[in-house]
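Student: I would like to learn how to read the faces of a helix. Can we work through one case?

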Amino acid sequence: MAIRRFLAVLSVGAMAFALCATCFSGDHLSGTYLDPALQREDIFSHHIWRSTPEYRQVYNRPRYVSGYIAYKIEPSSQEAMAWKTNYCNGNYANHSGPSVPYYYYPKPWEVLNTRARPDFVKHETK
């Protein structure tokens, strides 16, 4: 009977030690919850309550009416600017698919003149 009690206390102590070592080590928190590349797992699949994906998710642009309202209320909002870009490109009228904008402009540090100043002093040669 004493051996069973000793083994039970020993096993409970070992489990408590393992639990404390796991909880207070902090290794499981390093770089997981702040890293935007690591997405949370989708526990409940969208098939349960949302069988069709949203318009913005499919076409990468706001709906026409909500974008137009946002453009009239606050033209500098992100949704209004995205609506205006897609409206001017004709994506709503042509019923085009999703569009991803590409920017082919040079980087600011590529445009800066980093060469030496020109020498305007006339040197006399003899």
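Student: Which exposed residues does the face of H5 turned away from its buried side carry?

Tutor: That face carries Gln-78, Cys-88 and Asn-89. Exposed means over 50% relative accessible area, buried under 20%, partly exposed in between (1.4 Å probe, protein chains only). Helices are DSSP runs of H or I, at least four residues, numbered from the N terminus. This is a predicted model: local features need pLDDT of at least 70, side-chain atom pairs count only at pLDDT 80 or more, and totals for chains, interfaces and linings use all residues. Residues are numbered from 1 along each chain as its sequence is written, and side-chain values use heavy atoms, without hydrogens and water.

Student: Which residues of H5 are buried?

Tutor: First the general idea. An α-helix has 3.6 residues a turn, so residues three or four places apart point the same way. In H5, the buried residues are Ala-80, Trp-83 and Asn-86. They cover an arc of only 135° around the axis, so they lie on the same side of H5. The arc is taken from the directions from the helix axis to the C-beta atoms.

Student: Which helix do the buried residues of H5 pack against?

Tutor: They pack against helix H4 (64-73).

Student: What comes just after H5?

Tutor: Gly-90 does, with a positive phi of about 80°. Asn-91 sits in the loop between helix H5 (78-89) and helix H6 (108-111).

Student: Why does Asn-91 count as buried?

Tutor: Because its relative accessibility is 11%. Beyond its neighbours within four places in sequence, Asn-91 contacts Arg-61, Asn-86, Ser-96 and Ser-99. Contact means heavy atoms within 4.5 Å.

How values were computed:
Helix = DSSP H or I, 4+ residues; strand = E, 2+ residues; numbered from the N terminus.
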